[in-house]
Amino acid sequence: MNAPTRFAAFVATLALIAGGAALAGGAIDPDRDTERPAHAGKDTHAVNATATHTESDSQHGSSGGQHPVRGLAIAENGLRVVVADPELRRGTSERLAFRIVDDRGATVRDFAVEHEKRMHLILARRDLTGFQHLHPRQAEDGTWTTDVTVDKPGSYRLFADFARDGESYTLASDLRVDGSTDLRALPAPEPTAISDGGYDVRLDAERAQPGQEAHLRFAISRNGEPVHTEPYLGAGGHLVALREGDLAFLHVHPTEGEHADEASAQVHDASVGFAATFPTTGRYRLFLQFKHDGRVQTVAFTKVVR
Ligand SMILES: [Cu+2]
């Protein structure tokens with residue numbers, strides 16, 4: 001497998017940070033959420049990097065002019081992510097540091113709060129396992145740092161997701177974790193999944209077609225009882241979707257929770273809804289995060305778009 005193909009072990013990330021700033025100013029929780037899928041897949045994972053990339057802005061999305069597919073590049077609109085040391089050791093807590101620099105090489109220090117945070121950091125291994133959603137701290141010089149522990153070796157994609165001057169950015173870079181890589185096949189689509197904390201989640205989704213907005217609704221329960229999620233990052237839930245193949249970061253929209261009254265109404269509903277425009281056919285991994293009993297849960301689904 002040649003390098004481009006290897007690097008193209010795409011993950012598309014539908015980042016869907018539900019919400020809005022309705023609850024900004026609320027809880028400041030250093031959420032650090034890790035998903036370790038229990039699915040023991042096959043050893044090898046031949047990723048067919050054949051996904052077509054129709055990523056024009058005309059691709060619906062109703063995202064207020066935002067590009068529906070992001071996170072494919074290290075630079076975007078003049079900004080670039082620079083990772084201090086992209087080599088990590090596995091199984092131990094490591095300090096991950098990065099900066100956002102402008103086209104003159106100057107470190108950017110001013111960021112807007114988006115979904116209650118000024119920086120969202122998503123990590124995922126190339127086979128769509130090892131998902132982590134972190135909120136780094138910014139140092140005086142503009143460097144963002146966070147402690148991270150990665151258990152499995154291999155190539156990881158890092159996404160720095162932030163807003164600045166009214167623009168949203170998702171800049172991506174690669175991390176290496178040494179050791180022999182044991183890539184897993186993407187799990188087959190299942191309507192239900194169990195979160196890392198033992199919650200049952202059912203995905204009710206209409207048939208998704210490329211370029212058309214699809215609604216995704218996640219019903220959450222525990223021990224057979226519906227669970228009403230608590231606000232997380234200003235909404236009822238947060239969704240990141242990764243496309244198998246190129247690690248694109250897709251734009252996803254919450255279908256409620258964008259206003260305070262809707263957010264509070266949503267808390268009384270035991271489900272969380274999102275709208276996503278899958279740009280191409282292919283397989284996607286959806287990572288839903290929600291909060292209950294003060295803890296953030298992560299659960300993943302495979303979604304096929306044909
Ligand atoms: Cu975040």
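# Close-up views of a predicted model

View 1. Over residues 258–268, pLDDT stays under 50. The model has 23 contacts beyond four places in sequence for this stretch. This is a predicted model, and confidence is one of the things to check in each view. Residues 1–66 also have pLDDT that stays under 50. For residues 1–66, the model has 175 contacts beyond four places in sequence. Across the chain, the mean pLDDT is 78. A pLDDT of 70 or more is reached by 73% of the residues.

**View 2. The whole chain.** How many helices and strands does the chain have? There are two helices and 22 strands. The chain has 306 residues, and 44% of them are buried. Now take the contacts with a separation of 6 or more: 75% of them join residues 24 or more positions apart.

**View 3. Strand 8, covered on both faces.** Strand 8 spans residues 120–125. Six of its six residues are buried, and the strand is mostly covered. In a regular strand, side chains alternate between the two faces of the sheet. In strand 8, H120, I122 and A124 lie on one side. L121, L123 and R125 lie on the other. Both sets are buried.

**View 4. The partners of strand 8.** Strand 12 covers residues 154–164 and runs antiparallel to strand 8. Six bridges join these two strands. Which residue of strand 12 stands opposite L123? L158 does. Strand 9, residues 132–134, also runs antiparallel to strand 8, with three bridges between them. Here I122 has H133 as its bridge partner.

**View 5. L128, in the turn of a hairpin.** Strand 8 and strand 9 form a hairpin with six residues between the strands. L128 lies in this loop. Its phi is near 70 degrees, a positive value in a residue other than glycine. Is L128 buried or exposed? L128 has 31 C-beta neighbours inside 10 Å, so it counts as buried.

View 6. E116 is found between strand 7 and strand 8. Phi of E116 is near 70 degrees, a positive value in a residue other than glycine. With 25 other C-beta atoms within 10 Å, E116 is buried.

View 7. Strand 18 runs over residues 238–243. Why is strand 18 described as largely enclosed by the rest of the structure? Because six of its six residues are buried. H238, V240 and L242 point one way from the strand. L239, A241 and R243 point the other way. Strand 21, residues 282–292, pairs with strand 18 in the antiparallel sense over six bridges. In this pairing, V240 stands opposite F287.

View 8. The order of the strands is 4-5-7-11-10, and the pairing is antiparallel. Which strands stand at the edges? They are strand 4 (75–76) and strand 10 (137–138). Each has a single partner strand, so one side of each is left without a neighbour in the sheet. Elsewhere in the sheet, four bridges join strand 5, residues 79–83, to strand 7, residues 93–101. These two strands run antiparallel.

View 9. L72 sits in the loop between strand 3 (69–70) and strand 4. With 20 C-beta neighbours inside 10 Å, L72 counts as buried. L72 and L247 are 175 residues apart in sequence. In space, their C-alpha atoms are 6.5 Å apart. Beyond four places in sequence, L72 touches A172, D246 and A248.

**View 10. E206, an exposed loop residue.** E206 lies between strand 15 (200–205) and strand 16 (213–222). It has 11 C-beta neighbours inside 10 Å, so it counts as exposed. Leaving out residues up to four places away in sequence, E206 touches A214 and H215. E206 and L216 are ten residues apart in sequence, and 7.1 Å apart in space, C-alpha to C-alpha.

Conventions:
Residues numbered from 1 in each chain as written. Predicted model: local features only at pLDDT ≥ 70, side-chain atom pairs only at ≥ 80, totals over all residues. pLDDT = per-residue confidence, 0-100. Contact = placed C-beta atoms within 7 Å. Buried ≥ 20, exposed ≤ 12 C-beta atoms within 10 Å, placed from the backbone. Pairing = 2+ DSSP bridges.
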